[in-house]
Amino acid sequence: MNPVIIVQLVLILFVFTALLMSAAVMVYAERKLAAAFQQRLGPYLVGPRGLLQPFADVLKLLFKEELRPKASDAVLFAIAPMISATAAFAAFAVVPFGGETTLFGLLPEPVKLQVADVNVAILVVFAIASMSVYGIVLAGWGSNSKYSLLGALRSASQMISYELSYGLALASVLVVAGSLSLTEIVDRQSGTWLGFLPRWFIFVQPIGFLVYMTAGIAETNRAPFDFPEAEQELVAGYHTEYSSMSFAMFFLAEYINMVTVAAVATDLFLGGWQGPFGSESIGWIWFLIKVAAILFFYIWARWTLPRYRYDQLMNFGWKILLPVAVLNLVATAAGVIYFAR
Amino acid sequence: MPGDTVLFYVFGAVMVAASLLVVAQRSPIYSVLLLIVSFMALAGLYVVLDAPFLAVIQIIIYAGAIMVVFLFVVMLLNAPYEAAPADVARHWVGHGPRRLGAALGVVLLVELAWALWRGGAAQEIQAIAAAQGSGAVSSVREIGGVLFSEYGFAFEVTSILIVIAMVGAVVLAKRQL
């Protein structure tokens, strides 16, 4: 077999496993950090410092009985979590997470740390993100339960509303970079200004970054935008009727979506794998650090900010975030033309 | 068979099967989902043709935006399963539209058969592609350039049409402005 294909297959398997593990790490980090914010201990019984808690949770879910409401639509009920999980995994396929590396000399030839180098990578991420709404909507409708349907409707309207601002924030970055390829966008961010300020797009596009992160939190249905599963009103939103592994798949999809949003934010705004020192071969370490920082910010926001009211959410999305994103894009385009002359 | 041909047949088969099932089964919500499957297969065909930009746009616009609206309409109207043909025949919709549909179907079939039998179209397309140089279609820059220069007027007219549609939708939705 062609060695290039073998390397590709190994890379795909690696990314898949790494995403699964990142979800486990995120669950642990979320519970520990939540406990810290609330002056509790958090999980500490399973394994040293409770490190094995996520695996215990997965095992428990595996052995639970799979329940399905009598009035539900069997096919839609079954495929909805699959759509969610597939969309979550697929989006990461085009995200580069490091420069060329030989893994400290373990490999004879340098390998590009990205599954598929597509020249329209940003748009692929956006397209797959827009697919994930189907998983949620079908779960809500297929369950044939009022809480699920209300949760799904809220989720869909929220995702559609914030997708616009999300897309416009992406557009302003690609106007600055002049490319749709994530690898090229990261390459444009190498070097420094005045010798100390890294050429990251967050310094060119601070508003774009804020819009992207806000819309990203709303897209992944996290607090303070976690209406789809507002437990005080909707029990558990769109996955109320799900149990066992199909529930675990929704859970997994949510955490992997967060990781993907954080990874794309790192590539777009924080210079990807460019670090203050070290060669490109250890770039993936810088990448991990940056993604971890954004994910910490995510968890921090969840346990600090209370949930919006539903009308506030819609008002904010359409009357504040969208105009800001549009103005930012227009100003960026004008700036690019002005400085290009 | 080269890989491209295999992929073409796989995507083509999925597309034809999904499109047939859109009209062949009775639940409207499944029709919407099968139409999405068909659009995805079409996007796959674009990728095989080395036009990833078109493929992604196909997914974002058709599968992502338009079909979500379709899905909402079907879900919120709670459209029931279509009645069996025997029931339909008894109602007034039974005859006229059906005959018209059948006639249009036959016309389409004849047209398709003629196009396939003629066969010359494929060579014409290849000639055009060769004249324009390969890879021209897949570049975002190229598409943008052509769209805003050569087809600028058509582009602007389309935007005006969409603005009118938006204003119309708002007026219809809000009785009192």
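Modeller: The model is predicted. Over all chains, a search of the whole structure gives three salt bridges.

One of them joins A:R302 to A:E30, with 3.3 Å between the closest N and O atoms. This pair links distant parts of the chain, 272 residues apart: A:R302 belongs to helix α11 (residues 283–304) of chain A, and A:E30 to helix α1 (residues 3–37) of chain A. A:E30 has a relative accessibility of 3% and counts as buried, because the cut-off for buried is under 20%. A:R302, with a relative accessible area of 27%, is partly exposed.

Helix α1 of chain A also holds A:R31. The side chain of A:R31 meets that of A:D57 in a salt bridge, at 3.2 Å from N to O. A:R31 is partly exposed at a relative accessible area of 35%, and A:D57 is partly exposed at 23%.

The remaining pair is A:E184 with A:R188, whose closest N and O atoms are 3.6 Å apart. Both residues sit in helix α6 (residues 182–188) of chain A, four residues apart, or about one turn of the helix. A:E184 counts as partly exposed at 38% relative accessibility, and A:R188 is partly exposed with a relative accessible area of 40%.

As background, side chains of opposite charge can pair when their charged atoms come close.

Definitions and conventions:
Residues numbered from 1 in each chain as written. Chains lettered and ligands numbered in written order. Predicted model: local features only at pLDDT ≥ 70, side-chain atom pairs only at ≥ 80, totals over all residues. Heavy atoms only, no water. Salt bridge = Lys/Arg side-chain N within 4 Å of Asp/Glu carboxyl O. Helix = DSSP H or I, 4+ residues; strand = E, 2+ residues; numbered from the N terminus. Buried < 20%, exposed > 50% of the residue type's maximum accessible area, 1.4 Å probe, protein only.
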